[in-house]
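Here is a short report on a two-chain model.

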Amino acid sequence: MTSATTASTSLTTQAASRRTNYWRKQGLAYLFLLPALVIFTLVTWYPIVNTILFSFQKVNAGGFQGWVGLANYTRMFGNPVFYVAWKNTLMYVVLSLVMGAMVPIVLALMINEMRGLTTFFQIIVYLPTLIPIAVGLLVWRQIYAPEGGILNELLLRLDLPPQLWLQNADLAKPALIVIMTWVGAGGSTLLYLYALREIPTELFEAAELDGFSVLDRILYIALPLLRHRIEIMLVLQIIIVAQVFTEPFILTNGGPANSTTSPVLEIYNAAFTRTDFGLASAWGVSMLVTLSVFSVLYIVFTRRDLIQE
Amino acid sequence: MGTANRGIMSNTEWRSLRGRLIGLFYLLVLALVAILMIFPFIFSFTAGLYNSIEVVKPGLHLWPENPLWENYTDAWNRFKLGRLFLNTAIAAGGGVVGQLLVSALAAYSLSRLRPMGKNLIRAILLITLAVPGIVYLVPRYVVMARLDLIDNFVGLWLPYCASSFMILVLNNAFDQIPRDLYEAAEIDGASEVRMFMNITLPLSSSVLLVLGLFAFIGFWGDFLWPFLILRDSDLQTLSVRLYTLRRGFPLNIYMAASFMAMIPPAIAAFFLQRHAPKGGLTF
């Protein structure tokens, strides 16, 4: 009897101590998480919620000025620049896919074959990504300069007419896409290289013995096995290009005639030149809605990759 | 394993006539690409050596007759580059340390300490990763303004510390550390903080280094956020200051300053190359 009571009390104290121990562990676990939770709340989660709230409010440098219903959205949809900016975005994305998407794949296939020079070229293609973009763009401004610019000097040497690269509405977008490809191709090339190296070399060996040409091996072995990586990179490229800002901001300020403006540039102008935070947030929501499709696709693609590995 | 040293072509094929021709073609293309990739470095370097008239003279010139090396010291002094390098180092360095610390602590908790709602937190981080930062830039700026963190490096660092990508990558890396190590340490009576410091961090040093270098390169060249937060010219970073001063200086001096601004991230890349992960970073 007595021994049973002591046993049960010791059991309850044991359970109690296990429970305090559990809560102490939970406290510790959350202590480790605390800095991240506080900072994410402050700079990410609270601002995300606020983007949606601001879009229904009048907000300026002085703070909240009242609820305005859909007025910000009416103004956004009523402004022709909205459609121009999104049409530009579509053009940027299409041009970047046409002009740029193949570049890192081709570079990776070539660099992968370079034996002793692989490391060298790997560093070289990654260099543009390293340059502070604002500094790199000022060099590009000299390259595209109408008079005395390097590109036009080259054209003159070849007896071709010089062009107003950044001042001509038809040329400005492709000119910016060339810069974006120059900046972004290196990082993608490295990722494709990693993916190429994961392909078992036995596959290429067997194909070579069976008489497959180099091109066949690229088309029927390398590219199909890179397919998942390519899908991920294309979605990522769409997400990144749709957020284009620095290139038009520094080189063209959206011109000529709004032909290079982008939603982010419009967000910047609404918020920081007109301190119209409400309108800027409505633009932000339009980006959130448009890009969420691709973001979800990106996560699904990366997870799928992980699950299969 | 013995067949590892080959690309899509085998070494024998690589040495055949056909292989040599393909190799030569690849090499030509890559050499051309390499020139395009290095071009802005070379251009800003040589443009910085001309005098202010020659540099804007039309025509293609590769090297000045009398290189003016003093342009570089001139640019250093007139741009107050020492101050700018210090500011940028503070901005990028603080960002890297903060991001690594905050992310490593969070990832350790998620990986080892089984906090309640662990999967929910991970899901929220993944969703956060999917929301483009630009969407909530304006409200984030308003938060910083309200906290009076404009013209304050803390206002710059706080967003740098919030990287869901880094938490998820580190969480994955920490999960790979063998449990026996922790069990042995637990028997020896080590606290969680001790295990974090003595087991987790040292065993993940290469991942931490690579993530840190990537973050450093990104923060060093970051433009929009420092442009918004640092209005005071004494606090501005290289990219912000060089952009603000783009019209105030002769081109040759300007290009000399630009070239010097490109050097630190290039050094970081050199280290990155030596420690580059073989399979990329996953989460």
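## Domains

In chain B, the centres of domain 1 and domain 2 are 34 Å apart, taken over C-alpha atoms. Domain 1 of chain B covers 11–74, and domain 2 covers 81–250 + 260–275. In chain A, domain 1 spans 2–54 and domain 2 spans 71–308. Their centres, again over C-alpha atoms, are separated by 44 Å. Domain bounds come from an automatic or database domain assignment.

The model is predicted: local features need pLDDT of at least 70, side-chain atom pairs count only at pLDDT 80 or more, and totals for chains, interfaces and linings use all residues. Residues are numbered from 1 along each chain as its sequence is written, while chains are lettered from A and ligands numbered from 1 in the order in which they are written.

## Helix packing

Helices (H or I, at least four residues) and strands (E, at least two) are DSSP runs, numbered from the N terminus. Axes are lines fitted to C-alpha atoms, for helices over the stretch in contact, and angles run from 0 to 180 degrees between N-to-C directions. Within chain A, helix α5 (residues 118–130) packs on helix α8 (residues 169–197) at about 140°, with the axes 6 Å apart. The two are therefore oblique to each other (under 35 degrees is roughly parallel, over 145 roughly antiparallel, 65 to 115 roughly perpendicular, the rest oblique). Their crossing is left-handed (near helix turned anticlockwise from the far one by less than a right angle; right-handed if clockwise). From α5(A), residues including A:V125, A:Y126 and A:L127 meet residues of α8(A), among them A:W182, A:V183 and A:L190.

Helix α5(A) also meets the other chain. Its axis comes within 10 Å of that of helix α14 (residues 251–275) of chain B, crossing at roughly 140°. That makes this pair oblique as well. The crossing of α5(A) and α14(B) is right-handed. The contact uses A:T119, A:Q122, A:I123, A:Y126, A:L127 and A:L130 on one side, and B:P265, B:A266, B:A269 and B:Q273 on the other.

## Chain contact

How many residues does the contact take from each chain? Chain B gives 75 and chain A gives 80. Two residues are in contact if their C-beta atoms, placed from the backbone, lie within 7 Å. On the chain B side, helices that each supply at least two residues include α2 (17–47), α4 (81–113) and α14. Helix α2(B) gives the most, with 13 residues.

## Core

The largest nonpolar core holds 157 residues. Such a core is a set of buried Ala, Val, Leu, Ile, Met, Phe, Trp, Tyr and Cys residues joined through C-beta atoms within 7 Å. A:I267, B:A106 and B:A257 touch the most other members. Leaving out residues up to four places away in sequence, B:A257 touches B:A75, B:F79, B:L81 and B:L242.

## Single residues

A residue is buried if 20 or more other C-beta atoms lie within 10 Å of its own, exposed if 12 or fewer, and partly exposed in between; C-beta atoms are placed from the backbone. A:I232 sits in helix α10 (residues 214–242) of chain A. It is partly exposed, with 19 C-beta neighbours inside 10 Å. A:I232 and A:L297 are 65 residues apart in sequence, yet 8.5 Å apart C-alpha to C-alpha.

Most residues other than glycine have a negative phi. A:D159 is not a glycine, but has a positive phi of about 60°. A:D159 is exposed, with 6 C-beta neighbours inside 10 Å. B:K80, also not a glycine, has a positive phi of about 50°. B:K80 lies in the loop between α3 (70–78) and α4 of chain B.
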